[in-house]
Amino acid sequence: MPFALYLLGLAVFAQGTSEFMLAGLVPDIARDLGVSVPTAGTLTSAFAVGMVVGAPAAALLGRRRPSRQSLLVFLGVFLAAHVVGALTSDFSVLLATRVVAALANAGFLAVGLTAATGMVAPDAKGRATAVLLGGTTLACVAGVPAGAALGHMLGWRSAFWAVALVSAPALVAIARSVPRDPAAGGPVPGASAELRALRRPRLLSVLCLAALVNGATFCTFTYLAPLVTEVCGLGAGWVPGVLALFGAGAFAGVTAADRLAGRPADRRARPVLPLAGAALLAGWTALALAAGRPGVAVALVPVLGLLAFGVGSTLVARVLYEAADAPSLAGAFATSALNVGATLGPVLGGAALDGGFGHRSPVWVSALLMAMAGLVARRRTRRSEQPL
C-alpha cells in the first residue's frame, strides 16, 4: 500500500477521535453547559447530519479540483472548528462547530476514499479502504479512550484541543507527501452519469444496510457512558477502559474485513455478511439483557465492536465496488450512508431515553435496527438470488 494512504489514515484518526469521543464526554458537556444528556447527545447527531450533507456536496464541488488541495482545505477547516469549540461556553455555538467540523470531515473522507482507491489497482479497493478506515478504528482504540480520560481529568475542552493538535501534523504531512491528484488516471464521468448509479436497486440496498448497521452502532455507542455508570453500576473511571475495549474490537473487525473484502476474492465476504449481521443482532440483544451484570456486559463490548466495524467496513467496500462507474462520488455515497445511520441512531436512542424507557433502551433500539437490516438483506437476496 502507498505510504500516502497511511498519512490519510492519520488525518482520519483525528477525525474519528472527534466523532466518537463524545461517547465519553456527553455527561460532562451536559453538566458544564447546563443541558440534558439527550440534548448533549444531539452533538453526535449534528456531526452526522453535517457529514450526510457534506459528503455528496463536497464531492460534487471538488470533482475537478486536485485531490490534495481539497484534502488540505477540508482538514484546515476541521482543525479551526475544534479550536472554536474548545473556546466556547455556548451550547449553540458548540453545536454549530460540530456541524462545520462534520462538513469538513465529510469532504475529507469522501475525497480521501476516492483518492485512496485511485492509488491502488482496481482489485485492491477494499484493502485501500481498510487502510484508510484503520484510522477510525485506531481512534476507537486509542483516541477515544484518551479523549475520555483527558475530559475526566482536565475537562471536556482538553479533548477538543487534543484533536486540533493531532490534526496539525497531519495537515503538514499531507501537504508534503500526498500526490497532487492521486485519483487521476482517466476521464471523469459527468455528475449526472455518476448520480445515475444511485438508481440501481442493488447499490441502494447496500447503502441502506450500511445506514442501518451504523445506526445500530452509534445508537448504543453514543450513550455507552451512562449505560456503564447507571446500569452496569461501574464508576466513571471505567468509561475510558470500556471505550478502549470497544475500539480494540473495532480494530479487529476492520482487520477481518480487510482479509475478506480487501483482497481480489472479495466474493468471500458475501456469505459472511448475513451470518455476521445475525450475530450482531444477537449481540445487541444480549447486551440489553445483561447490562446489569458488569462482567458480562464488559465482555460483550469488544465483541460488539468487532462485529459492528467488521460488517460496516465490509459494506463500505461493497459500496465502492457496486459504484465503480461513479469514481468521484462512490466515497460520498458510502460516507453519506454511514452517517445517515450515525444521525438516526443517536436520535432514536435519545428519544427512547426521553421517553423514560431507561438507559438500556438505546441498546434495544440497536437490536431493532439490526432486525430491520436483516429484513432488507433477506428481501434483496430473494429478489436477486445472490447474497449481498
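**Helical architecture of a predicted model**

The protein contains 15 helices and zero strands, where helices (H or I, at least four residues) and strands (E, at least two) are DSSP runs numbered from the N terminus. The model is predicted, so that local features need pLDDT of at least 70 and side-chain atom pairs count only at pLDDT 80 or more, while totals for chains, interfaces and linings use all residues. Residues are numbered from 1 along each chain as its sequence is written, and side-chain values use heavy atoms, with hydrogens and water left out.

Of the 388 residues in the protein, 57% are buried; buried denotes under 20% relative accessible area, exposed over 50%, and partly exposed in between (1.4 Å probe, protein chains only). Among contacts (heavy atoms within 4.5 Å) between residues at least 6 apart in sequence, 85% join residues at least 24 apart.

Helix α1 (residues 3-20) packs against helix α7 (residues 156-177) at an angle of about 160°, and their axes are 9 Å apart. Axes are lines fitted to C-alpha atoms, for helices over the stretch in contact, and angles run from 0 to 180 degrees between N-to-C directions. The two helices, α1 and α7, are therefore roughly antiparallel, a term for angles over 145 degrees. The α1 residues that meet α7 include Leu7, Leu10, Phe13 and Thr17, and among their α7 counterparts are Val163, Val166, Ala170 and Ile174.

Asn105 lies in helix α5 (residues 91-118). Its relative accessibility is 3%, so Asn105 counts as buried. With neighbours within four places in sequence left aside, Asn105 is in contact with Gln15, Glu19, Phe47, Met51 and Phe78.

Helix α10 (residues 224-231) is largely enclosed by the rest of the structure, because six of its eight residues are buried. These buried residues are Leu224, Ala225, Pro226, Leu227, Val228 and Val231. After α10 comes Gly233, with a positive phi near 80°.

Asp325 is placed in the loop between α13 (294-322) and α14 (330-354). With a relative accessible area of 42%, Asp325 is partly exposed. Asp325 and Arg196 are separated by 129 residues in sequence and by 9.6 Å in space, C-alpha to C-alpha.

Key. Angles under 35 degrees count as roughly parallel, over 145 as roughly antiparallel, 65 to 115 as roughly perpendicular and the rest as oblique.
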